[in-house]
Amino acid sequence: MNSLIVVSILALVVLYLGLFKAKNALLPVSVLGLVAALVLAVCEWNSGAAPIFSGMMHFDNFAVAFTSLTVVSTILILLLSKQYFEKISENVAEYYTIILFALAGIIIMVSYHNLSMLFVGLEIMSVSLYILAGIKKRDFASNEASLKYFLMGAFSTGFLLFGIALLYGASHSFDLSVIAKYVTDHPEGLNPIFYAGIVLIMVGMCFKVGAAPFHFWVPDVYEGSPTLITTFMATVVKTAGFAAFLRLFSICFAPLSDFWMPTLLAITIITLFIGNITALFQDNFKRMLTYSSVSHAGYMLFAIVALGATSSNAIFVYTAAYSLASIIAFAVLILVKEQTGSENFDSFNGLGKKNPFLALVVTVSMLSFAGIPLTAGFIGKFFMFSSALQEYHIWLVVLAIINAIISIFYYFRVIVAMYFKDAERKELVSNGYFKLVLGASAIITVVLGVYPSLITDLF
Amino acid sequence: MDNITATIQVVPLNHYILLSAIIFTIGVIGVLIRRNAIIIFMSVELMLNAVNLLLTAFSAYSGDASGQVFVFFIMALAAAEVAVGLAIIVMVYRNTNSIDINVLNRLKW
């Protein structure tokens, strides 16, 4: 709860710093404020016994864990933003503010205990992101990404709201524990509109997390947005979407899994195949990463399909591993694009000779994406697959392993380009912040891969 | 207040559900088949208002005010969305001189 207050106030402070032209203070103040929010969040571990604010929010360990994860990812992304926004526009403070407001919405999304807070958090986050996607005002791709994201986001919110209205009609409450009680009190005959509500909420949430067949906006929006904003969407926003999805389904709808599980199972399998097979045919590195993000959404859906005691932990480990690997990949992409002006695989040629450090961290990130042992990505996949096996979804795991093998092809294309293809290029210069973020993310990825027990026994 | 609730309850609840479902469907179809960004946007608003109607009806029937409070949340956030959305549409119009979403196909498969 304290971290939410700190982040909201921090956003306003940063806005005022922009008003008083204190441009050099923006980044230090934002990062220090976020570190304070992180410390406050961690201090609340094990202390959120009951819902607060008249049952609106509940800072249980789930909320604390995901708040910390999103705050850490945001700190890493903000450190990359040194000199980035200055190139786009004069008014830099607004971007920091909007990112922080989006983060405030995300903290509400991972800690809600009432469907109205889910809606409010989701909208605070989405409206901020519509603006962020379009911050390159003169750039057509950015314009298009912004408009598409806005129309699709508002459309999916409509579905989510209709679902919430139907749940309210059946259970007469927005409170998660009252809805859960309504479900358990009526084991035989639930009101049919309750089932319709579940389906509509599922559609709305699948839109938000970018699961097929509702993924069609993801590639366009991720590719058109400025790369730093894409990083934010692919890591923090995706984490928050899955946390909100899992929170709703594990608290309220777990007893009804016979009803919604087959649909979600089909969505998972379609998402895995569409994401991976389309990613195979991309020549653009950024577009490949967006399709790989669709396929990773498929892996993350495993935790909801095989809903059980370990689901929260599995999705936490997976999103942490995926966020770190994405931050590395997108950060190096920013550097490469600055030098060569292109986002294709070819622009990575010869990177291994000139910038051994960058090539090494990209290799770690690709191995983590592909789920090779000794990286955090492997632990994430291992958790997902074992929780699915516990619920006897053997065919799902077989299909997922086929997909993991497909994905190795396109992740290794980058590694091959960096080390085995030669090209005339100059050494990339990066500032200290980049080195810090890249080094830290790569080290954490490897450490989590070697000592998974650091985060696997959290819940 | 009792008066309004009584008036709302003159019509059976199922009729409200059907009416909002129909309005919602009109909104969904509008988003899917129209090509003008403003009209798509209006259709989205239609979807949200169908939800508002449904929530109000449920709230009056169950004698619980929280549904009506939720309607205020939806109205406030829909207004925020309108502010941002119209700004985005203006930005697109300045660059392309059109608000037909078919011109927005520079990013493709």
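Helices are DSSP runs of H or I with at least four residues, and strands are runs of E with at least two, numbered from the N terminus. By that rule chain A has 19 helices and zero strands. This is a predicted model, in which local features need pLDDT of at least 70, side-chain atom pairs count only at pLDDT 80 or more, and totals for chains, interfaces and linings use all residues. Residues are numbered from 1 along each chain as its sequence is written, and chains are lettered from A and ligands numbered from 1 in the order in which they are written.

Q: Why is chain A called as compact as a globular protein of its length?
A: The radius of gyration is taken over C-alpha atoms, and the globule rule is 2.2 Å times the number of residues to the power 0.38. For 459 residues the rule gives 23 Å; chain A has 21 Å, close to that, so the chain is as compact as a globular protein of that length.

Q: Why are α9(A) and α12(A) called oblique to each other?
A: Axes are lines fitted to C-alpha atoms, for helices over the stretch in contact, and angles run from 0 to 180 degrees between N-to-C directions. Under 35 degrees is roughly parallel, over 145 roughly antiparallel, 65 to 115 roughly perpendicular, and the rest oblique. The axes of α9 (residues 217-224) and α12 (residues 285-305) of chain A cross at roughly 140 degrees. The pair is therefore oblique.

Q: What makes up the side of chain B that touches chain A, by class?
A: Ala, Val, Leu, Ile, Met, Phe, Trp, Tyr, Cys and Pro count as nonpolar, Asp, Glu, Lys and Arg as charged, and the others, Gly among them, as polar. Contact needs C-beta atoms, placed from the backbone, within 7 Å. 32 residues of chain B contact 32 residues of chain A. α4(B) gives the most to that side of chain B, with 15 residues. The side divides into 23 nonpolar, six polar and three charged residues.

Note on methods: Two residues are in contact if their C-beta atoms, placed from the backbone, lie within 7 Å.
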